[in-house]
Amino acid sequence: MKLKITATGDSILTQGYCAGGYEGQKLLQDFIGRGDARFGNLEICITDWNAWGSTYCGGIWMSTTPDKLHQIVNYGFNFMGFANNHTMDFGPEGLRQTLANIKSHDISVTGAGENLAKASEPVYRDFPGGRVAFIAVTSSLDDTARAGYATQYIPGRPGVNPLRFSKYITVTREHFDTLQGIIQRTQMNGQQDFSRKNGFAPPLAENELDFGGTKVFLSENGKEETVTKCNKEDLERTCASIRDAKQQADYVVVMFHSHQCDGDQVTQPAPFIVEFSHACIDAGADLILGGGTHEFRPIEIYKDKPIFYSLGNFIFQLRGLLHLPADHHYKYNTHGMSDIDALAVQFNGWSKGLWVQKECFWGIIPYLEFEDGQLIRAELLPIDLGFEKGTQYKGLPYVAEPDVAKQIFASLQALSSPKGVNLRQREDGIIEIVYK
């Protein structure tokens with residue numbers, strides 16, 4: 001039996017759309033509906049404006065009302081990831097309300113929960129083509145958003161399923177000595193040195209510096225670079241969940257949300273994300289779905305399993321946010337302004353930021369067929385989120401017109417060909433992965 005999967009990128013819906021839908025929506029619903037298992041990533045809290053805002057946010061305090069969730073669900077999802085940098089924008093209560101609202105639509109949701117065991121737990125659904133398990137994680141998070149385990153005496157901490165990572169740089173002896181001299185002359189690490197002397201922080205290695213919070217190591221081969229590595233505990237927890245899920249299900253799908261890039265190349269995943277994706281497949285995952293960057297990233301076929309390092313956006317409505325916590329006004333010095341005006345100040349009258357970047361208004365929707373554990377068909381629908389449209393329709397997804405579909409194909413091909421993935425575009429605009 002064949003298992004069919006469709007998936008979309010990040011969904012942020014704030015103002016919604018007309019009750020009867022909009023022109024072109026049904027084409028998307030039909031394409032997503034081709035899948036048995038249909039995945040989305042919800043990047044906004046669903047509340048009734050009665051949850052307090054956290055002292056941090058994922059960029060904007062992102063929340064909307066349950067009727068907007070209904071409009072997202074209308075596209076046909078039955079799996080939803082809720083592990084991202086906005087999950088805890090409105091604290092534990094916002095988390096609880098969002099999860100309850102998602103579940104009320106009979107959608108299997110994971111990636112966040114009352115504690116780390118719940119947040120990292122796979123969810124399952126059965127289809128004629130097999131049982132599917134789903135796990136979601138995020139590497140973009142404030143540390144206080146991280147879920148925690150319960151102990152015998154202390155309850156667990158509500159939050160997201162985290163993928164932490166370490167980041168350090170390696171430098172030559174000359175630059176190592178220069179940095180060491182700056183540290184000594186400025187005494188920039190006075191507080192950290194005090195903590196280390198008194199046992200509140202681990203000592204530094206002989207070839208290691210702490211330069212204002214950035215770890216610096218003496219290069220062993222003379223190469224200067226930035227290195228990122230997955231947190232061992234988080235990686236092993238996820239791989240253990242995958243191994244367990246593989247005993248219960250025919251297919252395991254992992255979704256990650258990550259803003260981190262390779263150097264200054266936003267369209268390239270940070271090395272630790274590649275490490276994570278490969279490790280998940282080594283542990284038994286069948287499909288990796290990435291998001292978070294709001295732009296495309298490469299497609300890779302690793303051990304015959306597909307990795308989408310970013311699907312781009314699916315719904316990207318930012319201007320419809322109606323309410324913000326007081327912290328937003330403190331952050332941007334907008335006291336006395338309405339919340340709507342305060343947002344406009346943040347984005348300089350909506351003339352800067354992601355809202356004016358055309359690449360953030362492109363996406364793809366994969367349609368994948370698996371049989372006996374093997375990928376046998378892979379088609380990608382190019383979508384356009386109405387960058388040129390007026391306020392009412394900008395940010396909503398549409399099947400891309402031929403000229404935009406060609407641009408999306410060219411961009412995706414350029415990103416994926418270095419990974420050994422060849423793409424071709426049919427006359428109807430559909431992009432096919434040529435993987436064998």
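**Close-up views of a predicted model**

**View 1. Glu369 and its surroundings.** Leaving aside neighbours within four places in sequence, Glu369 is in contact with Lys2, Leu3, Lys4, Gln374, Leu375, Ile376 and Arg377. The model shown here is predicted. Glu369 sits in strand β22, which runs over residues 362-371. Its relative accessible area is 6%, under the 20% cut-off, so Glu369 counts as buried. The Glu369 side chain also makes a polar contact with the side chain of Tyr367, at 2.5 Å.

**View 2. Helix α7 from end to end.** This helix covers residues 232-248, which makes 17 residues. At 1.5 Å a residue, α7 should span 24 Å; its end C-alpha atoms are 25 Å apart, so the two values agree. Asn231 caps the N-terminal end of α7. There, a side-chain oxygen of Asn231 lies 3.0 Å from the backbone nitrogen of Glu233.

**View 3. The buried residues of α7.** Which residues of α7 are buried? They are Asp234, Leu235, Arg237, Thr238, Cys239, Ser241, Ile242 and Ala245. An α-helix has 3.6 residues a turn, so residues three or four places apart point the same way.

**View 4. Asn161 in its loop.** Asn161 is found in the loop between β10 (159-160) and β11 (165-171). Is Asn161 buried or exposed? Its relative accessibility is 1%, under the 20% cut-off, so Asn161 counts as buried.

View 5. The model has one cavity of 30 Å³ or more. How much space lies in the largest cavity? About 50 Å³. Its lining includes Thr8, Gly9, Asp10 and Asn41. Met255, Phe256 and His257 also line the largest cavity, as do Leu289, Gly290, Gly291 and Leu311. The elements that give two or more residues to this lining are β1 (2-12), β15 and β18 (287-291). By class, the lining has four nonpolar, six polar and one charged residues.

**View 6. Helix α5 and the residue that follows.** Helix α5 has 14 residues. From its first C-alpha to its last, α5 reaches 20 Å, close to the 20 Å expected at 1.5 Å a residue. Phe176, Leu179, Gly181 and Ile183 are the buried residues of α5. They pack against the strands β11, β12 (208-211) and β13. Gln187 follows α5. This residue lies in the loop between α5 (173-186) and α6 (190-197). Its phi is positive, about 55 degrees, although Gln187 is not a glycine. The relative accessible area of Gln187 is 63%, over the 50% cut-off, so Gln187 is exposed.

**View 7. Asp106 between α3 and β6.** Here is another loop residue with a positive phi. Asp106 is placed in the loop between α3 (91-103) and β6 (108-110). Phi of Asp106 is near 55 degrees, a positive value in a residue other than glycine. Asp106 is exposed, with a relative accessible area of 53%.

**View 8. Gln29 beside Asn74 and Tyr75.** Gln29 belongs to helix α1, residues 25-32. At 23% relative accessibility, Gln29 counts as partly exposed. Which residues is Gln29 in contact with, leaving aside its neighbours within four places in sequence? Asn74 and Tyr75. The backbone oxygen of Asn74 lies 3.1 Å from a polar atom of the Gln29 side chain. Tyr75 is 46 residues from Gln29 in sequence, yet the two are 5.0 Å apart in space, C-alpha to C-alpha.

**View 9. Thr214 and Ile169.** Thr214 lies in strand β13, residues 214-218. It is partly exposed, with a relative accessible area of 36%. Thr214 and Ile169 are 45 residues apart in sequence. In space, their C-alpha atoms are 7.8 Å apart.

Notes. Residues numbered from 1 in each chain as written. Predicted model: local features only at pLDDT ≥ 70, side-chain atom pairs only at ≥ 80, totals over all residues. Heavy atoms only, no water. Helix = DSSP H or I, 4+ residues; strand = E, 2+ residues; numbered from the N terminus. Expected span 1.5 Å × (residues − 1). Buried < 20%, exposed > 50% of the residue type's maximum accessible area, 1.4 Å probe, protein only. Polar contact = N/O pair within 3.5 Å; in protein donor to acceptor, adjacent residues only side chain to side chain. 1 Å grid on protein atoms, 1.4 Å probe; cavity = no way out; pocket = protein on both sides within 12 Å on 5 of 7 lines; lining within 4 Å. Points joined across faces, edges and corners; volume = space filled by probe spheres on them. Nonpolar A, V, L, I, M, F, W, Y, C, P; charged D, E, K, R; others polar. Contact = heavy atoms within 4.5 Å.
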